[in-house]
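Subject: Structure handover

Hi,

Please load it before reading on.

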Amino acid sequence: MKLFNYSRPHVMVVLLILFVYVGFIASCTHDDQIVPTPPGPPSLEQLNKQVRVQVAYDAAEVALKFTWKTQGKLYPVGLPNVGKNYPMQFHDMLQHNGTRFDRLPSAQRLEEDRITFMIDKQEGGIQGYARMGCGITCHTGMTDHHLLTDAVLDHWHWRGARSGPMGYAEDVAVDNVSRIRDDLGTMPTKFLRSGGDRFREDQAAIIGTGHPVLEDGLPRFVFNKGKSMPGGFTVPGFFLPNRSNATMIDPHIDIPQIKDVSNNISLLVVYQDRNFDPVEKVNAIDLGYLAWLATGNVDHLPSHLSDESSSDFTAWKNFWAAETNISTEAAAITKLDQVHQEWVDSGKKAMVTRSVGFIYNSDQHDISTEREFNADRNEWTVILKRKLSTGSAKDANLSTLPNGGKFTISFAMHDSGAGSETHDISLPYEISNNDDADIKAKQVSSLSNVDWNAIPALDTYWVKQAVMPRFTDDWLRSGAHPGSGSIESTKCLTCHTESNNVIFTQGVLN
Ligand code: HEC
């Protein structure tokens with residue numbers, strides 16, 4: 001029986017008064033009396049554990065909201081960013097190495113924050129996932145995720161640098177080989193390279209003769225300085241800005257000072273299909289295009305752009321002519337000179353990111369996102385939204401959620417600045433609209449104006465780093481695990497409660 005409806009404001013007020021009163025007694029009586037924590041859902045006012053998950057849905061869409069405490073960054077060892085808490089919305093910086101723009105040396109590289117999860121239906125779902133969650137995709141370690149059976153597991157992946165600033169998450173899936181992404185090799189990602197449509201791409205320096213930008217090997221994509229973006233934000237420079245909108249020079253010092261993620265400053269968005277997403281997000285210019293105008297030469301461009309009469313070339317040229325409003329040699333040289341000068345003025349320290357983004361209609365663009373960072377609370381908030389049913393075989397069909405359908409979710413957070421293997425993971429949890437679900441999904445009339453304070457929350461801890469090597473399909477099913485006999489019938493949570501301290505990291509990290 002349900003005693004309280006916690007979503008009703010007056011009940012919350014009564015409970016709040018009760019909690020404050022009990023807390024008052026506890027703190028003022030100097031004896032050893034232990035006041036038990038009242039049962040019930042967490043106060044939605046404050047996240048006191050490490051991560052919160054909430055799920056809401058309307059007739060067409062579902063939204064998952066994650067709130068988590070950031071960790072003090074652990075890497076790169078010995079550099080000034082270590083130990084600081086900040087939202088990491090940058091990845092793979094490119095800076096001049098004396099010859100050309102390139103990634104920072106490996107011991108200095110910085111990694112974006114990420115939140116990611118896998119989800120599958122319980123009934124008729126992938127063998128083992130309902131109870132073991134993403135553990136079934138880990139086998140000999142954490143280096144790769146894949147299934148042992150011929151199935152496809154939906155994987156939502158929000159990247160702090162490579163997708164978040166665009167307002168998307170990478171919509172991938174895992175099969176019995178590895179992660180599946182788009183790999184078609186069509187326009188528009190052909191703007192960049194010949195094959196492989198990916199949600200994000202890597203840019204290289206352009207090298208050639210005829211302009212200092214080519215001779216010094218500047219990056220192919222820089223920011224479109226002066227462009228007005230939605231939200232009253234004007235792109236401040238061709239290169240990455242620091243907190244004061246001056247050119248960033250030392251990423252390990254400058255990045256930790258940036259706590260405001262409302263300005264889209266990290267990801268170079270180089271192409272956008274505005275029929276698919278009409279909100280203006282392209283913030284880049286292609287110096288390769290300007291260098292072609294300036295020199296009449298295509299040598300610095302990738303091979304599929306070497307034929308000026310090809311349709312690829314025409315599509316690319318027309319896009320950048322419209323985007324830059326530049327189509328003459330003189331105007332191109334002027335702009336290239338400005339870019340080069342800004343780099344020289346920075347003491348040749350200015351940088352951009354290596355990752356560039358494309359927005360176009362594809363299976364990987366099903367998930368739209370919103371992000372927020374609260375520096376006072378040291379909390380990231382990311383909302384990921386998608387249709388209940390996308391029609392894609394790579395996506396979990398969530399259309400039964402409104403009718404009591406049960407799903408299992410396992411989530412993970414990368415937020416230490418370390419590489420892909422150092423992430424914090426969760427136990428598997430059930431999402432459904434049933435009262436006894438671990439994460440109770442709540443119906444709302446429209447996801448466009450959700451009152452998240454009225455949506456139930458699961459507040460929990462991450463799995464301890466020390467036990468992560470055992471969070472694999474092989475170990476959990478092995479004789480070494482006392483729970484192996486009932487692994488597919490009993491929830492992990494039934495044996496591993498938060499309080500018994502075997503699995504969960506208690507307290508806030510770093
Ligand atoms: C039937 C009860 C039961 C179930 C269900 C169960 N476990 Fe366990 N598990 C245990 C026991 C008992 C231990 C040993 C506890 C100890 O060492 O104190 C253990 C140990 C572990 C350890 C090793 C902890 C360490 O300190 O090395 C991991 C990791 C683990 N379980 C993960 C899981 C996960 C993940 C699930 C769900 C997929 C799960 N367990 C389900 C009973 C269970």
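First, the ground rules. This is a predicted model: local features need pLDDT of at least 70, side-chain atom pairs count only at pLDDT 80 or more, and totals for chains, interfaces and linings use all residues. Residues are numbered from 1 along each chain as its sequence is written, and side-chain values use heavy atoms, with hydrogens and water left out.

Iron site. The ligand's iron atom has two protein donors, His481 (NE2) and His496 (NE2), lying 2.0 Å from it. Donors are N, O and S atoms within 2.8 Å of the metal (3.2 Å for Na, K and Ca); water is not among the atoms, so sites may look incomplete. The site is octahedral, with angles of 88 to 179° among six donor atoms. Octahedral means six donors, with opposite ones over 155 degrees apart and all others between 65 and 115. Ideal octahedral angles are 90 or 180 degrees.

His481 is buried at 10% relative accessible area. His496 is also buried, at 18%. The cut-offs: buried is under 20% relative accessible area, exposed over 50%, partly exposed in between (1.4 Å probe, protein chains only).

Ligand shell. There are 20 residues around the ligand; Arg470, His481, Cys492, Cys495 and His496 are the closest. A residue counts as near if one of its heavy atoms lies within 4 Å. By type, the shell has twelve nonpolar, five polar and three charged residues. Nonpolar covers Ala, Val, Leu, Ile, Met, Phe, Trp, Tyr, Cys and Pro; charged covers Asp, Glu, Lys and Arg; the others, Gly among them, are polar. A polar side-chain atom of Arg470 lies 2.6 Å from a ligand oxygen atom.

Helix H5. This helix spans residues 287-295, and eight of its nine residues are buried. Helices are DSSP runs (H or I, at least four residues), strands likewise (E, at least two), numbered from the N terminus. Among the buried residues of H5 are Tyr289 and Trp292. Asp286 caps the N-terminal end: a side-chain oxygen lies 2.8 Å from the backbone nitrogen of Gly288. Gly296 follows H5, with a positive phi near 75°.

Loop residue. Ala59 sits in the loop between strand S1 (51-57) and strand S2 (61-69). Ala59 is exposed, at 76% relative accessible area.

Best regards

Methods
Four donors count as tetrahedral if all angles lie between 85 and 135 degrees; four count as square planar and six as octahedral if opposite donors are over 155 degrees apart and all others between 65 and 115; anything else is irregular. A polar contact is a pair of N or O atoms within 3.5 Å; within protein, one must be able to donate a hydrogen and the other to accept it, and residues adjacent in sequence count only if both atoms are side-chain atoms.
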